Amino acid sequence: MSDLRKSGGGPIKQAPAFLERHTYRKRRIMDAARLLPILGVFLLCMPLLWPVDAENAPSTSRAIIYVFGVWLLLIGAALGLASRLKEGDGPVQPGQSDI
Amino acid sequence: MSTLNLLIVVCAAYVAFLFIVAFAAERAAMRGHVRWLRSPLVYTLSLSVYCTGWTFYGAVGNAARSGLEYVTIYLGPTLVMVGWWWILRKLVRIRRTQRITSIADLISSRFGKSNGLAVGVTILAVSAITPYIALQLQSVTLAFEVFAAKDGLHIVKEEDRTALWVALGLALFTVVFGTRNLDANERHHGVVIAIAVEAVVKLTALMAVGIFVVWGLGGGIGPTLERIDASRLGQWQIDPGRWFGLTLLSVAAFLCLPRMFQVLVVENEDEGHLRTASWAFPLYLMLMSLFVVPIAVVGLDLMPEGANPDAFVLTVPLSQGQDGLAMLSFLGGFSSATSMVIVAAIALSTMVSNHIVMPIWLRSARGGANVSGDVRHVVLLSRRLSIVGIVLLGYTYYRLSGGGEALAVIGFVSFTGIAQVLPVMLGGIFWRGATRIGALSGLSVGFVIWLYTSFFPSLGPGVVFSESVLLHGPLGLDWLRPQALFGIQGIDPTLHALLWSISLSTIAFFVASLASFPSPLERLQGAQFVSIYQHTGGPRSWAGGVAQSEDLMIMSQRILGAQEAQGLFQQEARDQGLSGDLPEPTPDFLETLERELAGSVGAATAHAMIGQIVGGMQVSVEDLMAVADETAQMMEYSSRLEAQSEELSRTARQLREVNQKLTRLSVQKDAFLSQISHELRTPMTSIRAFSEILRDSSELPQDDQVKYASIIHDEAIRLTRLLDDLLDLSVLENGQVNLNIRQGRLGALLDRASAAAAADDSEQPLKMVRRARDEDILLNTDLDRLSQVFINLISNARKYCDADDPRLEIRVHKGEQGVVLDFVDNGSGIAQESRDLVFEKFSRISDQKAGGAGLGLAICRQIMRRLGGEITYLSGERGAAFRVALPPQLAMDAQ
């Protein structure tokens, strides 16, 4: 989304090619925040591939462990990202050095 | 005391407790302790209105029927929360910038502030939420039935009034705390805190039952898992379509349900709270879901065949003699149901009131911002009535559907209905090309298909659709069967309704958007919504503008109430350091005021009302266009004015010139009057003097007598001539002259004239320059009068030419315009400023030569006018130059 580079306020002529290490890291965390639900969808769609016939179908207890495991993973990842996003809340501040 | 009676007492006590909590929170908020009321924790807990009676009772029932499928309903919201950076952050930002009050407001605002669209979304939402409210009533009734059954009572469904009492009680609570204060921005502290408490209660209750089941009955985690695998739910038997479809459905419902939008977006104070909720709410959901399967499995084991699995949460503890736990569990379920009904009723009543009642009322009151009477009263009343109406609608659905279906099935009907908003909402915030027509088409198509495939069939056969319609389609059209559209059979009904309604409404939305053209306002709003982060920061403020504080005060009193409005204004005045009651209408203050009003009448209306008084600083594109039109008109008008003013100034200039000329004339006339009296006096004096000598001196010699008499005679002639001239002029001017038209040659005429002019030898000699060839022109006019003009011009040259060697050149041209004669001498000519005066009566250019009376040229001009020609002063020559122009008919070529 283009908002990252533009929401700092004021007209932006051109996005700089190199970012300060801190800013760079923050943006990758934002990317991670965007990718997390996609990872979640992928992992939660896995059960669709499981066999459903009586012989090969996995037991419900394993399914529960898998689903709740994924759930906990997502919660943990969201927690980690939330605490990192907190430091530099939101987009780049106008005064910040971009290089 | 029977369990049922105890239950009623506990229930009443719990409700009283909630009232106290809500009341205390309101009081705390009034004292300014808002911070802890608005913590991320409270925000997260308030999101738990997602977990309703459906979750509390229905999830276990669902699990008992179809295993792990129930988790899809909680995985969808988990994905949304975990992916908050995508959608929720944007929605929250949009709400803050655009002051959105509900999901209907969001859609309407995005698509050009179309109220029609808001009404559509409101109707859709009310229809979709009605089954959901019925579901809550059903769950509470179910719980009462369970306890009644334990006491050996059997409740006859048709006579059961539990649902009605619960509905009325909930309506009362919602009216009291949901419409206590009108300000949606201050929001409902009491309600939010009560909901947070209920969130804790229901989580505690469900987990307590779960822990009891796993450790009390199941013997720990390992044995419980073994027990699960051993039960009939022991194998993974999920329909992939439902797994995926229901997850998608819950995503849609989580984003679009009015109550979720209310707590997620509208009641959000701070984007930071979303960050906390992004992991805390999924955790809450996970904990709520954790013990569902164990409870279901143990319930299936313990309960007799045919027991309602929806009630396992209650029946399992009861069957084990755990009445206290069952009571707690009941309170958990009660909390789930009530919190949902309360928030849904608030959210829906806001929509109904802001988008349906208020526009109608304001229009019928016909006054815009200047309506008379207390608007506040109307808003509150409309909200209260809406709340009661919505809850009663739910009750009606409950009665109609018979209250027999599984909770989850009703929930899915509701979810599918509200999911129709999703394509429009996502399209609206991510795609600039989405248009109002597109949104309208998408919503209509989705709504109709949902009604047809899901809502009406859910009421059961015989209510809307007869059995035959359900089985064979309307009019026997097989492919139109409500639960097997286009002949595709065998899909699960929920999935069937979801598939067709969402896909067709999305297609309708996109196709109509692509085909239609948005209005300017839609495009502007679209750009603002889609690229909301570029328009970061607070809402645009009221810039400048001369608002009338008093008008604002009058309006605010009507909406906020007299005391609140006066308090607000006084506070602001104090903050501004003013002594009176009325603050200056600064942009900050206007913004505050608008926020206050927005909670009462909706953002759009509040904005319009302030705009009316302030003079609309935040201009819409339509305003701009109107302004542009006006500007064009103004420019046209001003250019007309400019032309007029130019004409006026031209006239004024002419008038000034005329005035100057008149002034000069008047001066000259005065001068001439003294001159002419002198002229008249001089001969009169000598006449008198000589006639006295002749009378008194008898011995005067003959010679002297003759001499004196001839002087008297000459002077008398001079006087006569003067008087003749005056008479002549007056005759000419009055047009009484008779012309004596004869033929003659120009050359001869000029000869006679120069001879006549030269007759007076007293003047200096004048050399005439003429070209005889040019003068060979035959004239047909009053020759005497014309020669009078020539004589005058020649004798003037004779008199006034100041050159040492005076010379007069007479040039004759003959052209299409007639004959032109230029009389040009070699003197110093006439000064520029006197040129326009020489033809006036009594005008005399030079004082040094007291010649004629100054009538000569005036007479000439009158003569020429009478003859049809003209005499003008000819500029550009060195000496004095006069041009005599004769019209063509006067002249003919000499034969």
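Two residues are taken to be in contact if their C-beta atoms, placed from the backbone, lie within 7 Å. The structure is a predicted model, in which local features need pLDDT of at least 70, side-chain atom pairs count only at pLDDT 80 or more, and totals for chains, interfaces and linings use all residues. Residues are numbered from 1 along each chain as its sequence is written, while chains are lettered from A and ligands numbered from 1 in the order in which they are written.

Chain B contains 32 helices and eight strands. Helices (H or I, at least four residues) and strands (E, at least two) are DSSP runs, numbered from the N terminus. Of the 895 residues in chain B, 46% are buried. A residue is buried if 20 or more other C-beta atoms lie within 10 Å of its own, exposed if 12 or fewer, and partly exposed in between. Among contacts in chain B between residues at least 6 apart in sequence, 80% link residues at least 24 apart. Chain A has three helices and zero strands. Its pattern along the sequence is α-α-α. Buried residues account for 22% of the 99 residues of chain A. In chain A, 80% of the contacts with a separation of 6 or more are between residues 24 or more positions apart.

The contact between the chains takes 36 residues from chain B and 37 residues from chain A. On the side of chain B that touches chain A, α4 (72-82), α10 (221-230), α11 (240-256) and α13 (271-290) each supply at least two residues. The largest share, nine residues, comes from α13(B). This side of chain B divides into 22 nonpolar, 12 polar and two charged residues. Here Ala, Val, Leu, Ile, Met, Phe, Trp, Tyr, Cys and Pro count as nonpolar, Asp, Glu, Lys and Arg as charged, and the others, Gly among them, as polar.

A nonpolar core is a set of buried Ala, Val, Leu, Ile, Met, Phe, Trp, Tyr and Cys residues joined through C-beta atoms within 7 Å. The largest such core has 196 residues, of which B:Ile107, B:Ala125, B:Cys256 and B:Ile295 touch the most other members. Beyond residues up to four places away in sequence, B:Ile107 touches B:Leu117, B:Ala118, B:Val121, B:Val421, B:Val424, B:Met425, B:Gly428 and B:Ala439. A second, separate core of 41 residues includes B:Phe790, B:Ile791, B:Ala797 and B:Leu808.

B:Ile107 is one of the buried residues of α6(B). Eight of the eight residues of this helix (residues 103-110) are buried, so α6(B) is largely enclosed by the rest of the structure. Just after α6(B), B:Gly112 takes a positive phi of about 70°.

B:Ala199 lies in helix α9 (residues 189-217) of chain B. This residue is buried, with 24 other C-beta atoms within 10 Å. The C-alpha atoms of B:Ala199 and B:Val42 are 9.7 Å apart, although 157 residues separate the two along the chain.

The axes of helix α30 (residues 746-758) and helix α31 (residues 783-800) of chain B come within 8 Å and cross at roughly 50°. The two helices are therefore oblique to each other. Among the residues that meet are B:Leu749 and B:Ala753 in α30(B), and B:Phe790 and B:Ile791 in α31(B). The residues of this contact divide into 10 nonpolar, three polar and two charged. Axes are lines fitted to C-alpha atoms, for helices over the stretch in contact, and angles run from 0 to 180 degrees between N-to-C directions. Angles under 35 degrees count as roughly parallel, over 145 as roughly antiparallel, 65 to 115 as roughly perpendicular and the rest as oblique.
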